[in-house]
Amino acid sequence: MKLTSMRRRKSMRSLGLLITALVLLAVVIAIFVFFYLQRYMVYSADGAQLNKDATFGTAAIPEPTSTISPQLIYDDPIPEDELAAMAPVEMPELEKLNAVFVSYNELADIPALEARLKDMEYSSLVIQVKRDHGNLAWQSAIPGTAEYCEGTPDVLEFFKSQAEMGKYLVAKISCFRDDLFALDHQSEGLPITGGALWVDSDNYYWMSPESPSALNYIISIGTELKGYGFSELLLDNFSYPTSGNPSSIIYSSSTPKATAISSGADLIRSSLSVVGMRVSIQCAASTCSSGANSGAGHNMSELVSRFDRIYVELDAGSNIGGVIDGLVMSSGGKVFMENWVVFITASNDTRFQEYGVAKVSE
């Protein structure tokens, strides 16, 4: 009887140890999963949820397709004194843009894109190569971007073939609205009380426009894409956020928004001028008409003097005349307006023939 009782106690002890080990293992797994998924959490007024948009590629990085070797400066920006001593590359006179707009998603099927372009008349392409989530449409050599890249090798072949055909290539990138980069550089993002990253109305994270990392990243992208045949970098979301509830953002700097945007523009423009890369900005039609958007940090009289072109995205019902009048006033009656204003539109309105156009597929 005593022997049976001892055996039972040993069995119970072994079972208890097994249960304890399983509980500890479950706790370890739960902790690992929590910290691993934390970078993908989105915090908004509706609570916390996983950001499931990210898709990553692992293809090998191709070599640049032009004779210009990209100088990747993201981790090692050019010192200001050295930059001042470097002479800007002399660029040809700006010409009116007659372009087809290529969306980020179209780059996922290059044969279909080439078939669409085959019978179209165009001298330029405006290509969206970096979307708001932060993914890159090509396999970049910029340090730390391996998980951001989605493009296949034929994307770079497409860039190369278009450049060899003499097409003028414009790369459109989302700048401060960037989930992936903000998650990797949270100390330079836009936080709310408690330190969590702020999100806009579409649940996107934003980097601070004063972030050295974000500005150097933009410069590195422009430098690399110059080596792949691009002649112009178009900055989208180069502003402070205005959608959602931006009043909840805790800013660490008292620098006026318009001043920070102008300073960032000066740094990017001067840095990319030494490799011969033009720099342009996309602004809202309402901002061009009124001349300013204080929440975004956009003062058009400051921006028109800092960028090679102003791009305006319009729909068929937009007030084209109001946009033109506002830009003329902001620029002090700039003479060659047809060269530096570009409308991104699907409209066939004949008034666009006087200006640059990036035609969107309907």
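**Strands, cysteines and a cavity**

Phe343 stands opposite Val357 in β12. The structure here is a predicted model, so a word on ground rules: local features need pLDDT of at least 70, side-chain atom pairs count only at pLDDT 80 or more, and totals for chains, interfaces and linings use all residues. Residues are numbered from 1 along each chain as its sequence is written, and side-chain values use heavy atoms, with hydrogens and water left out.

**Strand pairing**

- Strand β11 (residues 341-345) pairs with β12 in the parallel sense, over four bridges.
- β12 (residues 356-359) is also joined to β3 (residues 98-102), again running parallel, by three bridges.
- For the terms: strands are DSSP runs of E, at least two residues long, and helices are runs of H or I, at least four, both numbered from the N terminus; two strands pair if DSSP finds at least two bridges between them.

**Cysteines**

- The disulfide count comes to zero, where a disulfide is a pair of cysteine sulfur atoms within 2.5 Å.
- Cys283 is buried, with a relative accessible area of 4%; buried means under 20%, exposed over 50% and partly exposed in between, using a 1.4 Å probe and protein chains only.
- Cys175 counts as buried too, at 6% relative accessibility.

**Ser140**

- You'll find Ser140 in the loop between β4 (124-130) and α4 (153-164), and at 2% relative accessibility it counts as buried.
- Its side chain makes a polar contact with the side chain of Glu224, at 2.7 Å. Such a contact is a pair of N or O atoms within 3.5 Å; within protein, one must be able to donate a hydrogen and the other to accept it, and residues adjacent in sequence count only if both atoms are side-chain atoms.
- Ser140 and Glu150 are ten residues apart along the chain, and their C-alpha atoms are separated by 9.5 Å.

**The cavity**

- Searching the whole structure turns up one cavity of 30 Å³ or more. A cavity is a set of points on a 1 Å grid over the protein atoms alone where a 1.4 Å probe fits but cannot get out, and lining residues have an atom within 4 Å of a point.
- The largest cavity holds about 50 Å³ of space.
- Its lining includes Lys130, Cys175, Asp178 and Tyr217.
- α6 gives the largest share of that lining, four residues.

Definitions and conventions:
1 Å grid on protein atoms, 1.4 Å probe; cavity = no way out; pocket = protein on both sides within 12 Å on 5 of 7 lines; lining within 4 Å. Points joined across faces, edges and corners; volume = space filled by probe spheres on them.
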